[in-house]
Amino acid sequence: MQFRDQIDFVRQHVKKNRMRVFTTILATTMGCAFLIVLASIAFGLQGTVEKEIMTDDSLTKIEVYEGSKGKINREKIKAIDQVTAVVKKSNIDGNLLIKTNYDKRSTMPETMLIDYKEAEKANIKLSEGSYPTNNNEVIIGYHLNSMMYSKADEKAIENNKEDKKLNVGMSASLLGKKINLIVLTGEKNEKVMTKKMTVVGIKEKPKKEWMMDSSILLSQKFAEELMPAIIKINPETKKEEVFYSSYEVYAKNVEAVKAVNTQLKDMDLSTYTVTEQLDQMNLLFLALKAGLIFVGTIAVLIASIGIFNTMSMAVTERTREIGVMKAIGASPKLIQRLFIMESAYIGLIGTAIAVAISYIISMAANFFIPKIVTFATKEDGFENNDIIFSTIPFELVIIASAISIGVAILSGWRPARKATKTDVIQALRQD
Amino acid sequence: MIKLKNINHTFSIGRKGHEHYVPVLQNINLSVEAGEIVSIVGRSGSGKSTLLNVIAGFLKPKSGRIYLNNKDITDLSETAHADFRLKNVGFIFQNFQLMPGLSAFENIELPLKIRGMGKTARKQTVEKIMLKVGLEKVGDHYPNELSGGQQQRVCIARALVTNPSIILADEPTGSLDSETEQEILALIRSLNEVLDLTFIIITHDEEVANITTSKYRMHDGEMMAVAAHAI
């Protein structure tokens, strides 16, 4: 029998028992849609977490910390093949206050000391300007100007009890402007040093919408200027007490991260990479996805009982027809194939509808859940965050379809076997 | 053409372990030549339908051999037997055994579909056969829209459509009134004459048996030749 005729044959029989087949397809659809939607939560959350991690950090960056034995040797690290830069980053002790002012406006920026040359090599991009060439030049964060408040701005913020949007801070860019950097002692607000610096570069806008970058990036050489001033006030202060340093090693590309990371670990250094974290996270999500698919498969299996019943009834009802078919020359294999195709047809239609419904549910969930949560919690943050609750990638559609259609075929297999064993003589005796 | 040699068959009766065997076919020998119409008559329970089932391959005899065109077909597998029937045997049933969901045309083309014939070739073949058996106007009708005679014609057309070498008919006029019975018998006779088709007809109706070239009677599982007619 040609394949097209087999399909026609199956469709004719499906049409004959529309209601029964419809309810069976409905059960299959519900089972498969449940499987897809359930698993889509794991895919959605994985995507959200992945995006969160990837926007947070550069993929080629390896954070390096000194281990129990290994000490950081920058030159040795630089010698590793495929390392493009080793950036030293130093935070200033919290007992010192850093203040910036410009044109009667001021703010307290997050301050960090870095190697400009290495940062440039690491391809840490600026949105405007260029890297400093001397100690009197500085790079600032993307939002520093909008955090520079005048006295009137500070008052307006203080009086803004209803959380209204205020038009405060500077709108003009600080690029090329000379700002004052004031270092104060935390306890007595004693002035340690003041330095006039020219803004030559502005960092890139943070990838996360809600992040405000009001930082100042100073040269590592700034430490040498600051230390004498601190020692003048407190002679016993040591450099290690004022600056906390960490190192960032940049690999040539994402593929090189693993090899570089292994060599750093061989130097007894502790490391952290986004890719390593992603690998661990993906493993966790893989387990979650497998678990959810397993739970969803149970729903599909329950639906398969319906297919089994439908097909068993079909075989019983069509015993005479099967007898005639066998009498006029249909082989047992053909009879079996026709019944398996019928159950596969139910599975296929049910799965196709389930996929379409799942996409609708998924889109609806992503649209409505943030709104519902925002309404319930009265907080806007949730709605603005790019949290995706449900994602249905193509691979999930393939997995769910394979499970659903596979289970449908399996549930039709036994009734189909029964059909092949139909006794022609008995069957022809039926009315 | 077809030869049965020492066919014996028994049915078991009773519970398992306490069953006893009833002989239904006893030492049957039959030889049918190409172009013959052979009738096997007998009362209910005489074993004539069992014999037809054995010839068709629906039932395997306890002993004896069946040959078609000198080929032993007794021990063919179920699949091989199905293929053998598809290529060599046509069936005419007492209660027509048509598919209720298929039109007359679709019922007739069913064996060709099973054979895997293409749509165009199928259409041509079926239309030719329908013309031969006088069904050209009712091709779209479903079995429940046809008279008994028309249904039997559909059944005959379905048996003929694969161009078989032998047609097995089980009480072909058993469900028909006497007028329609005459029409169907005339059709069988004309098919035999025109197409040189071989028929084995199982019947309890002496009138049906009278159109045949050879007549055999069955009684308690035994068969004896009765007469030969010149039709």
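User: Which residue in β9(A) does A:E128 stand opposite?
Analyst: A:E128 stands opposite A:I202 in β9(A). Before going on: this is a predicted model, where local features need pLDDT of at least 70, side-chain atom pairs count only at pLDDT 80 or more, and totals for chains, interfaces and linings use all residues. Residues are numbered from 1 along each chain as its sequence is written, while chains are lettered from A and ligands numbered from 1 in the order in which they are written.

User: Which strands are those, and how many bridges join them?
Analyst: Strand β6 (residues 126-129) of chain A and strand β9 (residues 191-203) of chain A run antiparallel and are joined by 3 bridges. Strands here are DSSP runs of E with at least two residues, helices are runs of H or I with at least four, and both are numbered from the N terminus. Two strands pair if DSSP finds at least two bridges between them.

User: In which sense do β7 and β9(A) pair, parallel or antiparallel?
Analyst: Strand β7 (residues 137-140) of chain A pairs with β9(A) in the parallel sense, over 4 bridges. A:E137 has A:T198 as its bridge partner in β9(A).

User: And how many bridges for β8(A) with β9(A)?
Analyst: There are 7 bridges between β8 (residues 178-185) of chain A and β9(A), and the two strands run antiparallel. A:I182 stands opposite A:T194 there. The hairpin of β8(A) and β9(A) has 5 residues between the strands, and A:N189 takes a positive phi near 55° in that hairpin.

User: What does β1 of chain A join?
Analyst: Strand β1 (residues 61-66) of chain A is joined by 4 bridges to strand β11 (residues 243-251) of chain A, running antiparallel. A:K61 stands opposite A:Y250 in β11(A). β1(A) is also joined by 5 bridges to strand β12 (residues 269-273) of chain A, again antiparallel, with A:V64 opposite A:T271.

User: Switching to domains. How is chain A divided?
Analyst: Chain A has domain 1 (3-55 + 280-429) and domain 2 (83-251). The bounds come from an automatic or database domain assignment. The centres of domain 1 and domain 2 of chain A, taken over C-alpha atoms, are separated by 58 Å.

User: At what angle do α11(A) and α13(A) cross?
Analyst: Helix α11 (residues 332-377) of chain A crosses helix α13 (residues 394-420) of chain A at roughly 150°, and their axes come within 7 Å. Axes are lines fitted to C-alpha atoms, for helices over the stretch in contact, and angles run from 0 to 180 degrees between N-to-C directions. α11(A) and α13(A) are therefore roughly antiparallel to each other; angles under 35 degrees count as roughly parallel, over 145 as roughly antiparallel, 65 to 115 as roughly perpendicular and the rest as oblique.

User: What residue types are in the contact of α11(A) with α13(A)?
Analyst: The contact of α11(A) with α13(A) has 17 nonpolar, 10 polar and 2 charged residues. Ala, Val, Leu, Ile, Met, Phe, Trp, Tyr, Cys and Pro count as nonpolar, Asp, Glu, Lys and Arg as charged, and the others, Gly among them, as polar.

User: How many residues of chain A are in contact with chain B?
Analyst: 19 residues of chain A are in contact with 20 residues of chain B, where contact means C-beta atoms, placed from the backbone, within 7 Å. On the chain A side, α1 (3-16), α10 (319-327), α11 and α14 (424-429) give two or more residues. α10(A) gives the most, with 4 residues.

User: Now chain B. What is the strand order in its open sheet?
Analyst: The order is β2-β1-β4-β5 (chain B), 4 strands with antiparallel pairing. β2 (20-32) and β5 (71-72) of chain B are the edge strands, each pairing on one side only. Helix α1 (residues 48-56) of chain B lies across β1, β2 and β4 of chain B, at about 65° to β2(B).

User: Which residues of α3(B) meet α5(B)?
Analyst: B:A104, B:N107, B:I108, B:L110 and B:P111 in α3(B) meet B:V154, B:A157 and B:R158 in α5(B).

How values were computed: Two residues are in contact if their C-beta atoms, placed from the backbone, lie within 7 Å.
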